[in-house]
Every structure is written in C-alpha cells, then in structure tokens.
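Here is a note for a colleague who is opening this structure without having seen it before. Please read the numbered points with the model in view.

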Amino acid sequence: HNGIIYQNRFYEVEAARKKAVNIFALPHFTANDDSYESSGLVIFKNDAPVMELNQEETLIYSIATENQTSGTVFIDNKEYALEGLTVQHEFNFEEKLETKLNIDIKLIGNGRPNTKIATLISELFIKSKLKGADIFMFGNVLHKKNREIWGKAEHDYYNIYKNSQLAVTVK
C-alpha cells in the first residue's frame with residue numbers, strides 16, 4: 001500500500017497555523033506489513049496535491065528551502081555528511097521576475113556534487129512552474145525581504161511566477 005494523507009484534520013490545523021499559506025508539503029509513504037517508509041513528499045496547492053517528489057527531489061527541496069541543514073544525505077548514490085547550509089535570495093523584477101538562489105553548503109564526503117544540486121534545483125523549479133506551485137516559497141521570501149518588488153508582483157504573483165527565471169549558485 002502507498003499513499004498520502006490529505007483532506008483531513010492535519011491539513012486544517014496546518015492551514016490555520018500557516019495563516020493561509022497555500023503551498024504545503026506532506027510525506028508520501030509506503031506501508032509494509034508492519035512499518036511505514038517515506039518515499040518522498042507530495043506538494044499541495046490549496047487542498048489539492050499538485051506534485052509528487054521522489055527521495056532525491058525531496059532532498060533537493062529540503063536543501064533549497066533550508067529544511068535540512070545537517071545529517072546524512074545521498075546524492076548520486078554517494079553518501080555525504082551535511083554539516084552546514086545557508087541559502088540567500090536575490091530578486092529583480094524588470095520584464096520578468098528573476099530570482100538568484102545562492103546556496104553555501106558544507107558536505108563531507110568524496111566529491112563535490114554542487115553542479116548536480118544546482119541542476120536538480122533548476123529542474124524542480126521548472127516542474128513547479130508548470131504546475132503553478134511556488135514550492136520554494138519565493139513569494140513569501142520576496143514579501144518579507146523586498147516589499148518594493150512584492151508590491152509590483154503581488155497582484156498577479158502566480159502568473160508572474162510561471163514566467164519567472166531562476167539562477168542557482170551552489171558553493
């Protein structure tokens with residue numbers, strides 16, 4: 001068996017706690033005879049699932065949103081110790097909304113998968129634009145950090161988001 005939990009009391013409580021933020025991630029799980037295993041995340045927009053993320057995409061999502069800042073991570077089937085993470089956002093809005101995502105990540109292990117991380121974040125961004133779901137919550141960050149640009153974008157944010165651009169730097 002596998003599935004997700006939605007349209008239940010958890011979602012109502014989470015929606016109230018987040019005060020009308022309409023993008024949520026809930027775990028997707030697989031049920032075995034006597035246990036449950038997480039198989040990724042499901043992204044919700046309002047009360048409907050819009051995207052399923054596999055384990056690798058879930059890790060990338062967790063890095064880009066700073067939800068996972070330490071622990072053991074697997075990238076390209078290689079094990080790394082994640083010992084530090086900071087994410088900075090820069091925004092520009094001329095003809096299109098442009099977001100620069102600067103990620104400083106400290107990974108201990110063989111190799112430096114920085115290019116792979118940047119590529120996977122960019123791919124996930126494109127998928128989310130096609131679904132009209134701002135999964136990285138750039139709108140919230142923009143609202144908090146740059147009121148001037150948010151004032152230009154808030155009236156039609158999701159259409160602006162669908163046409164936005166992202167540049168990712170991982171160091």
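**Aromatic rings, hairpins and helices**

1. The count of aromatic pairs comes to 8, where rings of Phe, Tyr and Trp (its six-membered ring) pair if their centres lie within 6.5 Å. One aromatic cluster is formed by Tyr61, Phe125, Phe136, Phe138, Trp150, Tyr157, Tyr158 and Tyr161.

2. The model is a predicted one, in which local features need pLDDT of at least 70 and side-chain atom pairs count only at pLDDT 80 or more, while totals for chains, interfaces and linings use all residues. Residues are numbered from 1 along each chain as its sequence is written, and side-chain values use heavy atoms, with hydrogens and water left out.

3. Which residue lies over the face of Tyr158? Lys45 does, at 4.2 Å from the ring centre; a charge counts as sitting over a ring if NZ of Lys or CZ of Arg is within 6 Å of the ring centre and within 35 degrees of the ring normal.

4. Lys45 also belongs to the strand pairing, being the bridge partner of Ile23 in strand 3, and Ala48 is the partner of Lys45 in strand 4. Strands (E, at least two residues) and helices (H or I, at least four) are DSSP runs numbered from the N terminus, and two strands pair if DSSP finds at least two bridges between them.

5. Strand 2 (residues 23–31) and strand 3 (residues 36–45) run antiparallel and are joined by 9 bridges, forming a hairpin with 4 residues between them. Strand 3 pairs with strand 4 (residues 48–53) over 5 bridges, again in the antiparallel sense, and in their hairpin, which has 2 residues between the strands, Asn46 takes a positive phi near 60°.

6. Helix 2 (residues 55–64) is mostly covered, since 8 of its 10 residues are buried, meaning under 20% relative accessible area with a 1.4 Å probe and protein chains only. Tyr61 of the aromatic cluster is among the buried residues of helix 2, as are Leu59, Ile60 and Ile63.

7. Helix 3 (residues 114–131) has 18 residues and should span 26 Å at 1.5 Å a residue, which agrees with the 26 Å between its end C-alpha atoms, because the expected span is 1.5 Å times one less than the number of residues. Its buried residues include Phe125, Leu120, Ile121 and Leu124, and Gly132, with a positive phi near 70°, follows helix 3.

Terms used: Buried < 20%, exposed > 50% of the residue type's maximum accessible area, 1.4 Å probe, protein only. Phe/Tyr/Trp six-rings, centres within 6.5 Å; stacked < 30°, edge-to-face > 60°.
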